[in-house]
Amino acid sequence: MVPVLLVLLLALLLFGVGFAVKILWWIAVAVLVIWLLGFLFRSTGAGGSRGRWYRW
């Protein structure tokens, strides 16, 4: 009975890790798209040159 429970626990853990990694990949893709859009559509500064669009 204990080995069956351990295998089920391991399967549940691996499923959870796989799901979390897949969600993190989608978040990373969304952040990349937002960053690229911000980079492409940044506004010009007072001198006419393009400055940094982020604050840090």
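Helices (H or I, at least four residues) and strands (E, at least two) are DSSP runs, numbered from the N terminus. The model is predicted: local features need pLDDT of at least 70, side-chain atom pairs count only at pLDDT 80 or more, and totals for chains use all residues. Residues are numbered from 1 along each chain, and side-chain values use heavy atoms, without hydrogens and water.

**Exercise 1.** Classify leucine 40 as buried or exposed.

*Solution.* Buried means under 20% relative accessible area, exposed over 50%, and partly exposed in between (1.4 Å probe, protein chains only). The relative accessible area of leucine 40 is 55%, so leucine 40 is exposed. Of the 56 residues of the chain, 2% count as buried.

**Exercise 2.** Identify the aromatic pair and determine its geometry.

*Solution.* Rings of Phe, Tyr and Trp (its six-membered ring) pair if their centres lie within 6.5 Å; planes under 30 degrees apart count as stacked, over 60 as edge-to-face and the rest as tilted. The whole structure holds 1 aromatic pair. The ring centres of phenylalanine 15 and phenylalanine 19 are 6.5 Å apart and the planes stand at 20°, so the pair is stacked. Both residues belong to helix H1, 4 residues apart, about one turn of the helix.
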